[in-house]
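Subject: Structure handover

Hello,

Here is the structure for you to take over. Please load it first, then read the notes below it.

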Amino acid sequence: MLRIGVEERRTRIGRRHRLGPAVQAADPVEAAASVVALHGTDPATVHLSVAARVPGSEVAGTERALYDDRTLIRMLGMRRTVFVVPTQFAPVIQAACTDDIAIKQRKLLVKHLTEAGIAPDADASGTWLRAVEESTATALTLRGSATAQELAADEPRLRSRLSMAEGKAYTAQPYITSRVLFQLSAEGRIVRGRPLGTWLSSQHQWSPAEDWLPGGLGDKLAAEEARVTLARAWLSSFGPGTAADLQWWAGWTAGQTKKALTAVEAVAVDLDGQVGYVLPADEAPEVPVEPWVAFLPALDPTPMGWKERDWYLGEHKAKLFDNTGNVGPTVWADGRIIGGWGQPESGEVRFQLLEDVGRETVDLVEAEAARWTAWMAGVRVTPRFRVPLEKHLSQA
């Protein structure tokens, strides 16, 4: 097998993820496509990931792509995680990943409805749930867009309560509103629209999926065909990578991953003793980019693109990841992580390097920190998932 070393993999990050200064993206859609999809669990990540890849990017430009032009869409995707995706690619992710999630989540919700006594058995609970979903979807279509509270006013059954962890100290009786809306979104029928507050808000209005994509997201592609398309996109952006990397990233089974890699005719390569894969005719070295640094936000898709991360993370995991595998804000140089960053109450972007990188790189990092401080314009971003180094820098 052809060997592809660490330096080549790092070069590919700079060019393919649009992080090198001469190869950056033209707009938010191109930025998202360069990494297949932007992480959307933390609303700030979307805007910061775009700003790291699009020169002169502003929050207003990303919001325009999301809510006016609707060339980006926020949806549930890989690993039951919310992503922001180029709208035309959304049906691929829906069929490749989200439809399976929706099936599992429906079974779980029906189980919880039955346990709460909303209907006498699973069949009756399933029928009741379908009726509530249809009523909710109709109410949303009539309104055009709506908050969860507005939809609950239109469909009072959304205020039914579940009984969770009964008899435990942490027992709860949540309304089913969020679960029903989650289910409708997982099935590609509704989407998260404009935030209710600023660009940092995690509360959104809901809209029919047809407002973003005629016909909605469902029933467009066969699941196997979609998984092949998604595997090809991942290999184009993140290859070479191992089968374990792709399986983790997509949230697939080992069998689904193997079939997809076979279907795209992935070429096996040697990753310093591990078997990795690239697309056919993608074995040649990438064209190098000039030296670069980047400040990437928490949950940025680049550090979250592979399961096995030592080749770009080094020994910095304990300071930059939380205990469940979520990455915090990172500082990159030429395809590897060299530190982290955070913001104290003043809003200034502060960084700490975790290795000796030389004066020229330090100068680039300092300039990038100043650029980010100006870009934030006094807005302080606190990641949803905190990591040790970010916490330290935020308290400094």
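The model is predicted.

**Backbone points to check**

Start with proline 240. The peptide bond between glycine 239 and proline 240 is cis, with omega at about 5°.

Next, leucine 299. Its phi is positive, about 65°, and it is not a glycine. The residue lies in the loop between strand S8 and helix H12 (310-313). Buried or exposed? The cut-off for buried is under 20% relative accessible area. Leucine 299 has 4%, so it is buried.

Alanine 377 also has a positive phi, near 50°, and is likewise a residue other than glycine. Its loop runs between H14 and helix H15 (388-395). Exposed means over 50%. Alanine 377 has 63% relative accessibility, so it counts as exposed.

**Helix H14**

H14 covers residues 359-376, which is 18 residues. From first C-alpha to last it reaches 26 Å, close to the 26 Å expected at 1.5 Å a residue.

Which residues of H14 are buried? They are Thr361, Val362, Val365, Glu368, Ala369, Trp372, Trp375 and Met376. Seen down the helix axis, these buried residues fall within an arc of 140°, so they line one face of H14.

What does the buried face pack against? The partners include two helices, H3 (43-51) and H4 (59-68). The strands are S8 (293-296), S9 (330-333), S10 (336-342) and S11 (350-353). Alanine 377, with its positive phi of about 50°, comes just after H14.

**Helix H15**

In H15 the buried residues are Leu389, Glu390, Leu393 and Ser394. Down the axis of H15 they fall within an arc of 135°, so they too line one face of their helix. They pack against helix H13 (317-320), and against S10 and S11. Strands S10 and S11 are also packing partners of the buried residues of H14.

**Threonine 177**

Threonine 177 is in helix H8, residues 177-186. At 8% relative accessibility, threonine 177 counts as buried. What is it in contact with, leaving aside neighbours within four places in sequence? The answer is Ala148, Ala152, Leu158 and Arg159.

**The two domains**

The protein is divided into domain 1 (17-241) and domain 2 (308-394). Their centres, taken over C-alpha atoms, are 28 Å apart.

How many residues are in contact across the two domains? 14 residues of domain 1 touch twelve residues of domain 2. The area buried between the domains is about 930 Å². Carbon and sulfur atoms give 69% of that area. The salt bridge count between domain 1 and domain 2 is zero.

**Where to look**

For the backbone, go to the cis bond at proline 240 and the positive phi values at leucine 299 and alanine 377. For helix packing, go to the buried faces of H14 and H15.

Best wishes

Conventions
Residues numbered from 1 in each chain as written. Predicted model: local features only at pLDDT ≥ 70, side-chain atom pairs only at ≥ 80, totals over all residues. Heavy atoms only, no water. Helix = DSSP H or I, 4+ residues; strand = E, 2+ residues; numbered from the N terminus. Expected span 1.5 Å × (residues − 1). Buried < 20%, exposed > 50% of the residue type's maximum accessible area, 1.4 Å probe, protein only. Arc of directions from axis to C-beta. Contact = heavy atoms within 4.5 Å. Domains from an automatic or database assignment. Buried area = accessible area lost by both parts, 1.4 Å probe. Salt bridge = Lys/Arg side-chain N within 4 Å of Asp/Glu carboxyl O.
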